[in-house]
Amino acid sequence: MNLFVRDLTVIDSSYLCEQRGMVGESWIVDVVLSGELNEMSMVLDFGKVKKQIKHLIDEYVDHRLLVPVKSSAVRHQASKPATPN
């Protein structure tokens, strides 16, 4: 059984585009949830799932700079942590 959820939340982020440089955009998040129906004929407790997905988006993506580190146009090098004086 699939449950399609439209307009779960909105992501506002900026990202590095190879053609346009730094770009700020907003995306509407739609989600498809799959699973078997339980004894209450529900796939999932949508209230819990919505909170979890929204938390992950807010924590890792929303209002962040997204850098496509796997792009051939980006050179990414991890830095060493600063040492205390």
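I take patches to be made of residues with over 30% relative accessible area and no salt bridge, where like charges are joined within 9 Å and nonpolar side chains (Val, Leu, Ile, Met, Phe, Trp, Tyr) within 5 Å. A salt bridge is a side-chain nitrogen of Lys or Arg within 4 Å of a carboxyl oxygen of Asp or Glu. Accessible areas come from the Shrake-Rupley method with a 1.4 Å probe, and for residues only the protein chains shown count as cover.

I am working on a predicted model, where local features need pLDDT of at least 70, side-chain atom pairs count only at pLDDT 80 or more, and totals for chains, interfaces and linings use all residues. Residues are numbered from 1 along each chain as its sequence is written, and side-chain values use heavy atoms, with hydrogens and water left out.

Entry: surface patch. I looked for a nonpolar patch and found L16, M22, L65, V67 and V69. Together they have about 410 Å² of accessible area. I placed L16 in strand β1. L16 is partly exposed, because its relative accessible area is 32% (buried is under 20%, exposed over 50%, partly exposed in between).

Entry: sheet. I traced three strands in an open, mixed sheet, in the order β2-β1-β3. Strands (E, at least two residues) and helices (H or I, at least four) are DSSP runs, numbered from the N terminus. Two strands pair if DSSP finds at least two bridges between them. β2 (21–34) and β3 (65–66) are the edges, each with a single partner strand, so one side of each lacks a neighbour in the sheet.

Entry: pairings. I read 13 bridges between β1 and β2, in the antiparallel sense. V10 has I28 in β2 as its bridge partner. A hairpin of three residues links β1 to β2. β1 (residues 2–17) and β3 run parallel, joined by two bridges. There I found S14 opposite L65.

Entry: helix. Helix α1 (residues 46–60) lies across β1 and β2, at about 5° to β1. Axes are lines fitted to C-alpha atoms, for helices over the stretch in contact, and angles run from 0 to 180 degrees between N-to-C directions. Contact means heavy atoms within 4.5 Å.

Entry: K51. Is K51 buried or exposed? K51 is exposed, because its relative accessible area is 65%. K51 sits in helix α1. I get 9.9 Å between the C-alpha atoms of K51 and L8, which are 43 residues apart along the chain.

Technical notes. Buried < 20%, exposed > 50% of the residue type's maximum accessible area, 1.4 Å probe, protein only.
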